[in-house]
Each structure stands twice: as C-alpha cells, then as structure tokens.
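Here is a structure whose labels deserve a second look. The questions below ask what stands behind each of them.

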Amino acid sequence: MSQTLLSVRGISKHYAGKAVLRSLDLDILDGEFLTLLGPSGCGKTTLLRLLAGFERADSGSLTLAGQDLSPVPPERRPLNTVFQQYALFPHMTVFGNVAYGLKMEKRPKDEIHQRVTDVLGMVQLDQLADRKPHQLSGGQQQRVAIARAVVKRPRLLLLDEPLSALDYKLRRQMQLELKRLQRELGITFVFVTHDQEEALSMSDRVAVMRDGVLQQLGTPREIYERPENLFTARFVGETNLFPARVMAVNGERIDVDIRGLPCDLRKREFPVVVGQQVNVLLRPEDIRVLAADADHGFAGTVIERNYKGSTLDSLIRLDDGNLVLASEFFDEDDPAFDYRLGEPVKVSWVDGWEWMLPMDDADDAVAV
Amino acid sequence: MMLTMPSQSERQPFRTAVLILVWSWLLLLVLLPNLLVIGASFMSRDPSDFLSMPLTLDNYLRLVDPLYLQVFLHSLYMAVITTALCLLIGYPFAWALARVDKRWQTLLMFLLIVPFWTNSLVRTYAIKLLLASNGLINSALQSLGITDAPITMLYTEGAVIVGLVYLLLPFMILPLYAVFEDLRRELLLASHDLGAGRAATFFHVVLPLTMPGVIAGVLLVLLPAMGMFYVADVLGGAKNLLVGNVIKNQFLDARDWPFGAAASVLLTLAMAVLLLAHRLSRRRLGEEGET
C-alpha cells in the first residue's frame, strides 16, 4: 500500500467566529487521486488553501513527508495549485506563464526551454506557446494552468474546482485528460469539486465533507454503495429512504417493518436491537418496478417518467404519499417495462441490494 | 476615438442626435481651437492685430533660446519631481485603497474627491497661508519654541512642488486605483504558489499589470505640472516659472501670440508621446487588460 505523503492532523479554521474546519484529520497517500467533495461552504476549498499555504490554520498540523509545513510560506512548499479561474498572468505568453515557476527557481535557460516545451506537448499546446492567455479558449487556458503547475514537478498538485467553468462536453474530456496526466506524471492530485459524478469517476479515494467535518473517506465504490451516514448517501447520487423499525433479530438476518410491510433483510455491521429505528436506503437503479398484481412490494402510482436514453427514470408515489425514484435500464424483452402515467405499480428491490444505517437523533430523516 | 456612424443610423434618431452632438463638440471646441493654435504658431507677431503673415519657423527656433530652454528644463525638472512624489505616495495609497474593506473604501474615495469641490486657485492660496513667513506652520513652530526665526518656505522651488503634488495627487491615485481594483488577488497567490517571493511577485506580476495605471497617472500629473501657471505665480516667486507661465506671459503680457502658441504646441506634442506610450502598454496586456 502507498505511503502517507501529507498528513493533516486536527486542523481547525475560523472566519469571523464561524468554524469552517473543525479539527479535521486526513491522510493523503503518495500517488493517489484524492477528491474533496462537498456542498459549497463545507470547507473543502479552505482546506486546499491551507495546504497551499494561502491561509493559516488556527490549530492543528500539516506534515509533508515528515516535514512540518506550517512555517513554510507558499513559495517554498513543494506543491502547486491549479486555480478555479486559472489565474494565468495576462501579460505573459503561454510559454512565459509555464516558464514562470522555473524562472523563479533560477533554472538554466536551456533546461527551462526543454521542460516547458515538454509539458506543453503533454497538454497539446506546443503550437500555441506564443499566444497570450486572452487569445485562448477556456479549455486551452485550463491546460495552460495545469501545465504551469505540473512543470515544477510538485509532490502534490492541488486543483480547486478546475473544471467548473467549462461546458459539459469539454469537462468530460478534461476529466479523462486529467486522469491520464496524473497516471503519466505520478503526481498526487488533491481535487476539489462539488460535482459528485466528477468525484466518483475520477478519484482513487473521495473525502466527503460537510460543515468542516469529514463525513466519509473511501473509494468511490465505498462512498456510493456503503455510505456511512445519511449525508453522504444523499449527497452522492440519488437515494430512496425507507424509515423502518426492527421487529426481530435472527442471527445474520433481521425482520423489519417498513411502512407496515414486514421485510426480512440482511443484518449489517452496526448492532441492532428489537424496537430500534433504522433507515433502509436504496439507489434508484436498485429499485424494481413491478406490475400492480405482484405478490410483494409497496403499492403506488407512476406520476412521472423521464426518458434518459440508456435508462428510464420513473417517479412513483406510494399509497402512503412518499415518493420513490426508480431508474431502470431498458429491457427489450420485457413488454411490461413501459408504464403509463397514473398506472398502479408495486415497488420492490433485489434482496441484499439495500443499505442500512442506524437512525440517530442528528439525522434529519423527516426532512427528505 | 472609436465612434463610428452605424449604417442603420437613420433608424435611430436619438443615437444619431447624440453622435452629432458629440462630434460637433469635439470638432468645434477641441479640434478647431487646436488647429488655430498650431496655425498661430507658424505666424508672425503683430503689435495691433496679434497675428500676421508671413509664415515662419522663428517661434519654434526661439524655444531653444537658452533663456526659454532653461525655463523649460527647470519646469520639466519640477514636474518630474512632482510626478515622482505623486507616484511614490499614490502607488501604495491606491494599492491600500483597493484592498481595504468596502466601507472604508467609500469613505477614503470621498475624502479624495472632496477637495475638488473647492477651486484649485483658492486651495493654492490656502497653501500660501500655511507656508508664509507669518503663516500657520511658522507661527506654530515658533510658539512651540522649535525655531526662533521664521523659515523661508514660500517662493521656493519646494513650495511650488508641494503645491503641485497637493493639487495633482488625486489624478495619480484614481487611475492607479482602477488598475489595482482589476488586479486579481489570485494572480498574486499564483505567483507565490509558483515559487516567487514578495519582491519577485511585485516586479514580475504587480508592476507590469499596473503599468497602464502608472502611465495614465503620469500623463495626468506630468503635463499639468508643467502648465499650472497659477501655482508658480502664487507659491513660486519670480525664479520658479513653469512652461505654463511662459505661455500665459506671451499671450497676456508680452502679447506675442505666435510664440505662446509654439510653446503650447510643444506641450501638446509631449502629451501625444505619453499617450502613445500608454496605448502601447495597454496593448501589451491584450484585451483582458482593457476591461
């Protein structure tokens, strides 16, 4: 397993009396693609700025490969930043922008020329070296910003929502390109985004944050399939939530009551006792929509259908008024697949595909 | 001037009217008088009609006469010192102004603008009252026992420069403030991030990006500093003349209009050179620097 490259311990930060980061611990592994994911105001950008050295933490420590980073000013930290708005120097050419960091290191001219040319080739900008930033498209400016940061061969590259200014198609393309760059360069990437899709598709590990607290740290698959709390479950992807009460515990199985319907489910890692409230979580793609005469499932009515190309998303109102989102892949062989609006159906799922979380007081479970 | 008549102008009467107004204003009150001055500078002096034929270059040749050349150089020297002082005070002031809290920014801007509500001639006399031998500063120094006799401050080169700096400082600060407002903090962070310390960031990023403001400020200070004759009249005494005094004297006292016109054409040419430098510096920054 990879070594820890940068270790964040007990970092807290306040702005005007408001806590932005609350005693945060995080280990960034050497060579990984780590994404900080969270809604705006969760502290992800502040954490990035602390790593870069633009801000000072109120307390806690930052250790990079055994060296205490706190007293090191940004210009002497072996890490570089790709800014959200690129922050290219408008008075310098593309070449000048990329060469800037190496000039500051007082590298010999030949070496600067060689390294800048190499890195511009890597981001396919070698033809545009003499252009000024304002003569470039958004995507090209983005590449310059990346080239300018990686040419210094940092231990760690910090990326602050670098793709948020690009349109959807270009963003997808840059996501792939960033992944490729990261593989080729072997640099550790710390990527900040509020886009969960982006986080899942690009990262080795995702750190989900909320209100300055780390909610969960894990692989995209762990985050999506085994969320540790309701916030993560709701923030990453769509989730259908079924509050349930434990009726009986039989070894590896438990009986729960979901809205009056008894279900026999697999027991999860947390301890359960009879009478306890739990949340049963189901992703839309785990939901099965059955005909109204099926012998199991929750009865409801289709109230919305969205054709998504590869899937058909249906919104179903259960008889008790709750809404369930189902996302089904097309099955040409299933004549019953297409539902009409207002058609009565039953909603179920494949046993074992559900996820369960204990319901604690902090969960605002009612406010779904 | 970027004003061009649109092809569909006949369909927009208001727009056409405004354009005609602006163009007539510029043609009648800016271009025409300047052409008259240029024309006058090539004519001969006439005691009764002010101007007469034949056309001549004598007026320009007289400008290099040691007597006038000396006045011109001394005026330039005082203007350069004034500009340097304005830049030295105005640059950090504008930087700070662009960085402080928005509430403070409004107040500071207000304080910067307030003096414009009083005529600059009146304010020049106010400075005279401060600097005079029996003025406010000398009385204060004497009553505090710091000096025994009044210090001569009025009618010196220093007095003229103080007056010019006082009157012209806002003209340096305002364009500088504009460029500092546009200077994104992220660019400074990016520079630090790439390994540049404070000094390197200043010379490689801040200074080049604020250069249009510096040149605009110099434009607005250097030339007026050579022309504000009443400052030299009130504070400078006989020895500290500005080019503006020479021009004024030729028109009003010596009644030599052609020579006065030639001197003022010289100032206009100097302005044109500076404007050209300003344009070049902005073009270097590209369109992004223009906005």
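Q: In this predicted model, why is A:C42 counted as buried?
A: The relative accessibility of A:C42 is 1%, and buried means under 20%, so A:C42 counts as buried.

Q: Is A:C263 buried or exposed, and what makes it so?
A: A:C263 has a relative accessible area of 15%, which is set against a limit of under 20% for buried, and therefore A:C263 is buried. A:C263 belongs to β13(A), where A:V256 stands opposite it, and strand β12 (residues 253–258) of chain A is joined to β13(A) by 6 antiparallel bridges.

Q: What makes β13 and β20 of chain A edge strands?
A: In the open sheet of 5 strands, the order is β13-β12-β11-β14-β20 (chain A), with antiparallel pairing. The strands β13 (261–266) and β20 (355–358) of chain A each pair on one side only, and these are the edge strands.

Q: Why is the pair of B:F116 and B:F171 called edge-to-face?
A: The ring centres of B:F116 and B:F171 are 5.4 Å apart, and rings pair if their centres lie within 6.5 Å; the planes stand at 80°, where over 60 degrees counts as edge-to-face, so the pair is edge-to-face.

Q: Why is B:F116 called partly exposed?
A: B:F116 has 33% relative accessibility, and since buried means under 20% and exposed over 50%, with partly exposed in between, B:F116 therefore counts as partly exposed.

Methods:
Residues numbered from 1 in each chain as written. Chains lettered and ligands numbered in written order. Predicted model: local features only at pLDDT ≥ 70, side-chain atom pairs only at ≥ 80, totals over all residues. Heavy atoms only, no water. Buried < 20%, exposed > 50% of the residue type's maximum accessible area, 1.4 Å probe, protein only. Pairing = 2+ DSSP bridges. Helix = DSSP H or I, 4+ residues; strand = E, 2+ residues; numbered from the N terminus. Phe/Tyr/Trp six-rings, centres within 6.5 Å; stacked < 30°, edge-to-face > 60°.
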